[in-house]
Amino acid sequence: MSALGEREGALRAALAAEQDWQVLLRHFDFNEGFAFVLILVESAENGALCREALQDYLRERGRGLLRIIATNTTEDVQSLPYLLHKPKGLEGLPAIWIESVIPEGSVSPEEFQEWRKAWRVCFAGLNRVRNTMQRTIPCALVFVTAPWMQELIRNIAPDFWSIRSTVARISPRLAGREPADLAERVFSGPRSDPSLAPDPEFAEREADKLRGKPGQELALARILQRAGQGFLSRAEQKQAIRVLEEAQQLQVEASAPPVDLASTKTFLGRAFKMDGQWRQAETCFRAALELDRSALGEDHPATANDMNDLAGLLRATNRLAEAEPLYRRALAIGEKSYGPDHPTVATDLNNLAGLLQDTNRLAEAEPLYRRALAIDEKSYGPDHPSVARDLNNLAGLLEATNRLAEAEPLFRRALEIDEKSHGPDHPAAATDLNNLAVLLQATNRLAEAEPLYRRALAIDESSYGPGHPSVAIRLNNLAGLLEATNRLAEAEPLYRRALEIDEKSYGPDHPSVAIRLNNLAGLLQDTNRLAEAEPFYRRALAILDAFTAKTGYSHPNLETVRGNYRRCLEKLGRQRGKGLKGALASLKKILGSEGSSD
Amino acid sequence: MPLTPEDNQFLKGLFQYLHEKPLEPGDPRYVPLYESQPDGDPVGRLAREIHYSESDSRQFFSGFRGSGKSTQLLRLKKKLDEEGYRVYYADALEYLNPALPIEIGQLLMLLAGAFSDAVQREEGFSLAGESYWTRLKNFASANVELDSVELGLFSDVAKLKLAIRDGDSFRQKLQKALTLRPYEIDAQVKRFFEDYVKKLREIHPGAAGIVFLFDNLEQLRGSLASEREVIGSVQTLFSTHIERLAIPYVHVVYTVPPWLKLLMSAAPVEILPSITQWKKEDRSPVGKGNGCLREVIEGRFGQEGFVRFFGDDARADELVKVCGGNLRDLIQLLRQAILRVGSLPIPEQDIQASIRAVRNHFLPLSTKDALWLAEIAEKRDAVYEDSDPETIARISLYLDSHHVLFLRNGDDWYDVHPLIREYVAEIAAGEAKKAEKREAEKASSE
């Protein structure tokens, strides 16, 4: 399979994992007759991906082909109300597909305004003829656009908007992407430096000396908290949880000052979060926030830290509307406490911008990233690691808005800064190498990407040791590239190693382990070892199902894994000569009463 | 337990049953939402006005998008049908372009044309030998300089209506003539109605009266370019010419833009509020309102379906709580729940995912608008700076999109939709603190 084909395959898998995509497919399964469907995507590539994937889905079900209406020019757009007013020949079609994805910043400002104007005219017209369309169009009417269109439609065509059937936000991301560090406000430096973290073993030894001694409970708790911090910095979160829970109990029993208890709860929350125990993490973050709020006041920087932590968790669990006001408040507190041009504010700007990016408000996010960058450049000079972080984030946004040519120099500059600041073999450089490599892979420069992945791997192995979860990420990404370049025999041991590391670090039931199992199973499937692949997929699915049931949140990769497993079983069934019915019977047997909803 | 194929069939059935089209009278899904509201039944009031007015009446009916206005209008039609009235219905959008300003002469002309068509549809023929369009041709031939193409339009009613609605030159010529001859057109239209009423009474001697429902006039709002002009023209229409909208011998019910109420508080508009779910003073829940909305769900799902999907009332109530008392939003929430459910009965996480999905439909909001909405939420009133058409259009947009809700228990009041209330409050709090800081800095530097 060509590299391009591999990329498409990866994107398809990422698409299948999107919850909104699953909702959209179900909409097509359930809906009959007219429905106004809006799909918001960040790039024309994603728009095309949605179209092809939906077409395949419908074809597999014998539902016919999409009727695609071209909107290559503004004139095409403005003529849509006439085309859609009593159109003919739609019997038996599943949908009319209108795709026009013009992300902000992807064309010149003048051209962008022309498109906006054309769409305003179009939707004003559609608003007028919506009743007729509802009567005369016997299928779904699907618009695939950039996110800025939602507000336009709402304002210009309120009647049409009010009859929307569903709105899907689709942004498939390739697996293995490591997001730029959004700088948690814990350590004094802009990035957490492992060499500055407490030594947890030493702390535990010191703690042992105090255990059982009356009157030493709060001191013991403080030392245990240090141990917890140390374990956290090494990503040994289970150890961190163990010691921090003990610290918390001691503090509660000894009526520790609220701010101390809040601090322990904060670290404990981070440990739970790292361990994938989101509900417990949330409980801790909320409690820490309340404690600091009561003790220190609403506008205290510590309270702002708590808001950032809680917002980060809400963001991770896709409660973006709840996270946003917290990020905004934290930013406001930061500005008030430190002034608008303080590096702390730059961190807050990054956090808020990241959320705005998550909610597709890229035009709002970009100035915040740029402001953060300007603050850090002014505060620290152009070659500071905080600047590298900001460059990474901004480049990530540029990449998301398909400005790859603009993103690349920023990734390169971030790498240069981190190499110069920390040395070429620092984990910060490894992050930058990874991000740049992903961009290179996305732009089909696989030969250039490979050495970067290899370097990132070597750095993290050296910095963290061969068994660190960061190493597992690097192994995974390199293996992905090897697979993309058909070096499957080389890729396999890397996937196996990544799996081993994560099993050891996180335990056998961690979602990261599920991803490793899935990826390895994919390679086994590609090398025609279906019988070997099947138990890996099965295990991966079981882990993510359990995670979903336990946390109450659907894991983002759940549907990808489910789909992969199903396809594996289908192929396995055919290979054994049972045919599709037999394969499905096996599927049903293995999955129990779980039928396929695709 | 994950969904079975049978579950999916059940969900598909539910999904298809949950459309937002107006319910026909007698539909088992219908729940008497408005009838049990503190303010009483608006359809009952409209019907009573018709009963009490022996000969004719003129009423204005309104409601924001998704308030169930069309369903209520259908209810009114059914009620009046049952009481022996002859009821005719027309969609104003077939006749006028909501993006263009309207004048009284044109409205009367279109009213007559629409009535003519409605009677022809119901009764199967043109009364009095000719439709209104033929009469209009006579008027136009005598009073408007038309070329042969334009004259030819009168032989094809569909093309004529399109030209009146959307055609530029023909429309303007006709409009000019109507403006120059207001009394003539007035007399012509009213004479037309009189002729038709006479004929209808011959055919239906026992009819209690003639009722004409002219729907969708509330769509008049203009485009971004013409908004000011259109809103201004509607203001003029209803303030200066309101008396001319009374048609002798006919009970006419016009649906009008809800923002008319904002501009002209004394205007006699029957407006459908959102279902009251909480009290103005302290937002404590109003049991009746919430109960009605839960009944809507039970009606749509059926008892068995309700239990199968929700398990218990609590999950359904979570959706009711955040729908803002608006039927359309409740249906959106239910549809999203059906699309997102992973197992039955629906787990809490899927309920929350549905709520988040619908909340996203209301966002993003600019800071400026968020602050405006926060002020409305705080004061429980439609706060706006002036009666400028743009301001009216803006608040009208937020009322139509349900960011702002119109409520009534006792007096009329406004509030922000529960899905975004906390969001705008947080934005406002943040901006207030920024403003305080700026003030403090300014004071210390002076």
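Rings of Phe, Tyr and Trp (its six-membered ring) are taken to pair if their centres lie within 6.5 Å; planes under 30 degrees apart count as stacked, over 60 as edge-to-face and the rest as tilted. The structure is a predicted model, in which local features need pLDDT of at least 70 and side-chain atom pairs count only at pLDDT 80 or more, while totals for chains, interfaces and linings use all residues. Side-chain values use heavy atoms, with hydrogens and water left out.

**Figure 1. Aromatic cluster of chain B.** Ring pairs link Phe60(B), Tyr88(B), Tyr95(B), Phe115(B), Tyr132(B), Trp133(B), Phe192(B), Phe193(B), Tyr196(B), Phe212(B), Phe214(B) and Tyr254(B) into a cluster.

Figure 2. Over all chains, 27 aromatic pairs are counted. The rings of Phe36(A) and Phe143(A) form an edge-to-face pair, because their centres are 5.9 Å apart and their planes are at 85°.

**Figure 3. Charged ends over rings.** A charge sits over a ring if NZ of Lys or CZ of Arg is within 6 Å of the ring centre and within 35 degrees of the ring normal. The charged end of Arg61(A) sits over the ring of Tyr57(A), 3.6 Å from its centre. In chain B, the charged end of Arg421(B) lies over the ring of Trp278(B), 4.7 Å from its centre.

Conventions:
Residues are numbered from 1 along each chain as its sequence is written. Chains are lettered from A and ligands numbered from 1 in the order in which they are written.
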